[in-house]
Amino acid sequence: MSDAVLNNIRSRRVVREMSDAPVSREQLETILEAARWAPSGGNLRPIRYIVIEDAETRRLIRLVAPGMFQHAPALILLCLNEEVMIEHSLPPSDRALLIDIGTAAQTIMLAAHGIGLASGPVTSYSKEAVRVILNLPDSYSPEMFICIGHKAESTRRGMKAWKKITWRDLTHWERFPPP
Amino acid sequence: MNENWVLKEDEAVELLALLITSARIQLDEPAHYGPLRLLTASERLSGMILERASGKSRDFLQANVERIPELHMRMSDVDAYAAGLDALCREVAECLLRHSSLEEKT
């Protein structure tokens, strides 16, 4: 792994306040093309991406998304496509689906950071209200928004860590001792 | 009693959207997110009515807009979070007194 990749991983932050500066279609396409390379369980790719640039649609989404503090110029909504799940006999409870959402989200956020953009995930929203606003097909389940934009000059700080942790606190080597 | 309208219908509907969707998503979220949603609603309501509010409330509302986002970030420090909320509660009580007839009697 190159230093550039490691530096990108280490320096990315969740951004909760964004400026009015626009994001270009080319930048969004670069991010979405990167997301296409995110790992997917069984390579089944059940995620579909919906990009929302329209200002009024973004405003309405934000009103039903209490966790969306950002006024982002672009939103990417990660949806699970139930047609793909049915086709491959994947039950909604299959944890591989959550893992796919996670790998796609992280890939999107790293790609955004890599081209100088800020990002922030949002899962606190009413799925049913989002369905209505976006006219989502019944087979699409809206799982996560990623706000894409530019970090505001004066930005809301991220939530303080519950306690300071290092990678060592999160890692156990080899077998646990017998009980 | 100040009888001036300070909230527009569109703003009220936006606030309703926040409150109703917060009630739903709270079923799926950690309990301590509940106060956060209420504070978000308080911040937005303060911002909505700030310009049309009377002098009795304006400083309090302005402080809410500025300080509530900071308060969110203290959630991981329960004591500091509680202290910040207590300070807000004292200020809201002072604002209530400014709007009541009690202050005029003393």
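A bit of bookkeeping: residues are numbered from 1 along each chain as its sequence is written, chains are lettered from A and ligands numbered from 1 in the order in which they are written, and side-chain values use heavy atoms, with hydrogens and water left out. As the model is predicted, local features need pLDDT of at least 70 and side-chain atom pairs count only at pLDDT 80 or more, while totals for chains, interfaces and linings use all residues.

**Exercise 1. Aromatic pairs**

Find out how many aromatic pairs the structure holds over all chains, and work out the geometry of A:Tyr125 with A:Phe145.

Solution. 
- Start with the rule: rings of Phe, Tyr and Trp (its six-membered ring) pair if their centres lie within 6.5 Å, and the planes count as stacked under 30 degrees apart, edge-to-face over 60 and tilted for the rest.
- Over all chains, that gives two aromatic pairs.
- For A:Tyr125 and A:Phe145, the ring centres are 4.9 Å apart and the planes sit at 75 degrees, so call this pair edge-to-face.
- Now place the partners, with helices (H or I, at least four residues) and strands (E, at least two) taken as DSSP runs numbered from the N terminus. A:Tyr125 is in the loop between strand S3 (118-122) and helix H6 (127-134) of chain A, and A:Phe145 is in strand S4 (residues 140-149), so the pair links distant parts of the chain, 20 residues apart.
- Then check the cover: buried means under 20% relative accessible area, exposed over 50%, and partly exposed in between (1.4 Å probe, protein chains only). A:Tyr125 comes out buried at 4%, and A:Phe145 is buried too, at 0%.
- Next take A:Trp167 and A:Trp173, an edge-to-face pair with 6.4 Å centre to centre and 80 degrees between the planes. Here A:Trp167 is partly exposed at 47% relative accessibility, while A:Trp173 is exposed at 63%.

**Exercise 2. A charge over a ring**

Which ring does the charged end of A:Arg36 sit over?

Solution. 
- The test is that NZ of Lys or CZ of Arg lies within 6 Å of the ring centre and within 35 degrees of the ring normal.
- For A:Arg36, the ring is that of A:Trp37, with the charged end 4.2 Å from its centre.

**Exercise 3. Salt bridges within and between chains**

Solution. 
- A salt bridge is a side-chain nitrogen of Lys or Arg within 4 Å of a carboxyl oxygen of Asp or Glu.
- A:Glu53 is partly exposed at 29%, and A:Arg25 is exposed at 52%.
- B:Glu91 is partly exposed at 21%, as is B:Arg67 at 37%.
- Finally, shared partners join A:Glu56, A:Arg59 and B:Glu14 into one salt-bridge network.

**Exercise 4. Chain B as a whole**

What pattern does chain B follow along the sequence, and how much of the chain is buried?

Solution. 
- Chain B has five helices and zero strands, which reads as α-α-α-α-α.
- Its C-alpha atoms fill a box of roughly 45 × 35 × 20 Å along the principal axes.
- Of the 106 residues, 37% count as buried.
- Count contacts (heavy atoms within 4.5 Å): of those in chain B with a separation of 6 or more, 61% come from residues 24 or more positions apart.
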